[in-house]
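Me: I am new to this structure. Please pick one part, look at it closely and walk me through it.

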Amino acid sequence: MTGRTDTALIIGDMQTGILANYPFSRAPVSPMRSLVRAARAHGILVVFVRTELRASGADVSENNTLFTAFHRAGPLFHEGSGETDISPRLAPQPEDVVITKRRTSAFVGTELELVLRAHHVESLALTGVATSAMVAGTLYDALDRDYRATVLSDACADAEADVHDFFMERVFPGRGARVMTVESWLSEL
């Protein structure tokens with residue numbers, strides 16, 4: 001690491017199982033690889049977030065239909081299945097942080113905020129899949145916790161392109177987030 005900044009790059013749900021089973025999720029991989037290299041070179045904390053549920057279902061309430069469906073779908077989101085590993089194409093390094101989440105937001109029930117505070121992070125650059133799920137949930141929680149937030153539009157994807165565009169053009173800016181491309185963000189480093 002060449003230095004320390006007040007920024008963290010959050011990369012959400014870029015797991016082997018998701019990439020293998022949801023074709024839309026592959027689009028951000030190439031821009032993310034550039035982001036990860038640049039972030040590390042500039043001393044920016046890189047945080048990978050993955051969704052992982054206990055195979056026993058102990059962390060899944062029947063009241064939560066989405067996560068119940070994820071759990072019942074088989075090992076795709078099951079802890080220890082290998083499907084929840086971060087894609088080798090993004091290859092977390094020892095200086096990176098990997099956070100396991102069991103809900104949509106990377107903040108809910110995780111140590112993310114502890115890690116960010118330990119690194120004096122005040123600004124987040126958010127990426128990942130899906131735009132309307134992990135990215136949105138994490139963004140809302142980040143803004144409620146008073147982080148400055150930027151969403152990198154071409155390093156996010158959603159199963160429906162129009163939903164992705166709606167969040168990027170209307171919802172996220174309306175919530176107070178900056179929305180920009182990877183290239184624009186990198187030019188500010």
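Reply: Start in helix α3 (residues 65-72), where Phe67 and Phe70 are three residues apart and so separated by about one helical turn. Helices here are DSSP runs of H or I with at least four residues, strands are runs of E with at least two, and both are numbered from the N terminus. An α-helix has 3.6 residues a turn, so residues three or four places apart point the same way.

A word on the source: this is a predicted model, in which local features need pLDDT of at least 70 and side-chain atom pairs count only at pLDDT 80 or more, while totals for chains, interfaces and linings use all residues. Residues are numbered from 1 along each chain as its sequence is written, and side-chain values use heavy atoms, with hydrogens and water left out.

Now the rings. A search of the whole structure finds six aromatic pairs. In the pair of Phe67 and Phe70, the ring centres are 5.3 Å apart and the planes stand at 80 degrees, so the pair is edge-to-face. Rings of Phe, Tyr and Trp (its six-membered ring) pair if their centres lie within 6.5 Å; planes under 30 degrees apart are stacked, over 60 edge-to-face, the rest tilted.

How exposed are the two partners? Phe67 is buried, with a relative accessible area of 3%. Phe70 counts as partly exposed, at 22%. Buried means under 20%, exposed over 50%, and partly exposed in between (1.4 Å probe, protein chains only).

Phe70 and Phe77 lead on to a pocket. The largest pocket has a volume of about 330 Å³. Of its 18 lining residues, the closest to its centre are Asp13, Phe70, Phe77, Ala130 and Ala133. Helices α3 and α5 (131-144) are the elements that give two or more residues to that lining. A pocket is an open set of points on a 1 Å grid over the protein atoms alone, where a 1.4 Å probe fits, with protein on both sides within 12 Å along at least five of seven lines; lining residues have an atom within 4 Å of a point. Points join across faces, edges and corners, and the volume is the space filled by probe spheres set on them.
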